[in-house]
Amino acid sequence: MIKRTLQIILSKLADDELLEPVNYEKGEYLSQDDINKCYSIASSVFGSSNLLLIGGAALQNYYPLHKPKDIDVIINGNVEDKKDLLYNKGFRGIKNEGPRPFFNADIHAYCLELGEKKIRIEFYSSKGMLDNEESFDNLKRRALKREYNGESIYFVDPLNLCRLKYNAWRNRLMNGRCDKDIIDLKKADLLGYVDKNNQYYQKIAKAYHQGIIGRFKSVLSDAVHVLHQEYLKRHSS
């Protein structure tokens with residue numbers, strides 16, 4: 001299994017295209033209704049105006065064909081202070097795997113059972129997600145929203161979603177999945193919402209067209225991920 005997977009990954013190195021990762025993620029794909037329900041339950045703890053969807057759950061608002069397997073949320077608040085309330089609402093703390101270079105945010109991973117689905121939701125602090133000076137209020141001011149059962153669901157604006165996805169792509173050497181984040185942005189044409197003169201537009205657009213070093217990093221990230229998954233499998237049995 002490892003040998004065959006690595007052969008497939010290494011064969012991609014000669015291609016000019018962005019590298020689609022092998023899908024190693026566990027869990028079921030989430031609908032927008034799944035996300036809405038989880039957000040609503042979490043907002044009963046933190047308040048709906050103190051939650052902001054990022055990652056795939058936010059991307060789905062711009063590109064409905066995108067189906068995430070987990071939910072990432074920036075919160076305005078302290079998770080440690082709300083642990084008992086979260087537990088009472090059905091959230092169960094889980095071990096958060098893997099380092100997150102380039103992110104200095106506090107991250108708390110939980111699992112919420114929603115019917116037959118077990119949904120992973122990660123709560124991020126706003127500090128350290130983009131810039132140390134970035135505040136939740138600034139992110140919220142630019143956020144978009146939709147309505148669900150009379151409640152507002154807030155999600156990050158296109159520019160900051162691009163910035164977060166770009167930073168996540170830079171992290172991929174550590175946690176695999178090749179060029180997933182850049183591919184997500186390209187499929188959603190999210191840069192179409194961003195001013196072409198913006199410095200972040202230029203950085204992300206450049207990432208769409210990798211040189212050999214960029215492709216090697218992406219290949220290596222998936223190879224590391226394959227080996228890590230096999231290590232976990234062998235040591236958990």
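Which residue forms a salt bridge with Glu80? The partner is Lys83, and the closest N and O atoms of the pair are 3.7 Å apart. A salt bridge is defined here as a side-chain nitrogen of Lys or Arg within 4 Å of a carboxyl oxygen of Asp or Glu. Side chains of opposite charge can pair when their charged atoms come close.

The model is predicted, so local features need pLDDT of at least 70 and side-chain atom pairs count only at pLDDT 80 or more, while totals for chains, interfaces and linings use all residues. Residues are numbered from 1 along each chain as its sequence is written, and side-chain values use heavy atoms, with hydrogens and water left out.

Seven salt bridges are present in the structure. Accessibility was classed by relative accessible area: buried means under 20%, exposed over 50%, and partly exposed in between (1.4 Å probe, protein chains only). Glu80 has a relative accessible area of 46%, so this residue is partly exposed. Lys83, at 42%, is also partly exposed.

Helix α2 spans residues 32-46 and holds both Asp33 and Lys37. Helices (H or I, at least four residues) and strands (E, at least two) are DSSP runs, numbered from the N terminus. The side chains of Asp33 and Lys37 form a salt bridge with an N to O distance of 3.3 Å. The two residues lie four residues apart, about one turn of the helix. Asp33 has a relative accessible area of 36% and is therefore partly exposed. Lys37 is at 35%, so it too counts as partly exposed.

Another salt bridge joins Asp34 and Lys117, with the closest N and O atoms 2.6 Å apart. This pair links distant parts of the chain: Asp34 is in helix α2, Lys117 is in strand β5 (residues 117-125), and 83 residues separate them. Asp34 and Lys117 are both buried. Elsewhere, a network of salt bridges links Lys165, Lys180, Asp181 and Asp184.

Strand β5 also takes part in strand pairing. Two strands are said to pair if DSSP finds at least two bridges between them. β2 and β5 pair in the parallel sense over six bridges. Within this pairing, Ile74 has Tyr124 in β5 as its bridge partner. β2 covers residues 70-75, and because five of its six residues are buried, the strand is largely enclosed by the rest of the structure. Strand β1 (residues 51-54) pairs with β2 in the antiparallel sense, over four bridges. Here the bridge partner of Ile54 is Asp72 in β2.

A further antiparallel pairing, over five bridges, joins strand β6 (residues 144-148) and β7. Arg146 stands opposite Ile153 in β7. The two strands, β6 and β7, form a hairpin with two residues between them. Asn149, in the turn, has a positive phi of about 50 degrees. In strand β7 (residues 151-155), five of five residues are buried. In a regular strand the side chains alternate between the two faces of the sheet. Both faces of β7 are covered. Glu151, Ile153 and Phe155 are buried on one side, and Ser152 and Tyr154 are buried on the other.

Cysteines were examined last. A disulfide is a covalent bond between the sulfur atoms of two cysteines. With a disulfide taken as a pair of cysteine sulfur atoms within 2.5 Å, the count is zero. Cys38 is in no disulfide, and its nearest cysteine sulfur, that of Cys111, is 9.3 Å away. Cys38 has 1% relative accessibility and so counts as buried. Cys162, at 1%, is likewise buried.
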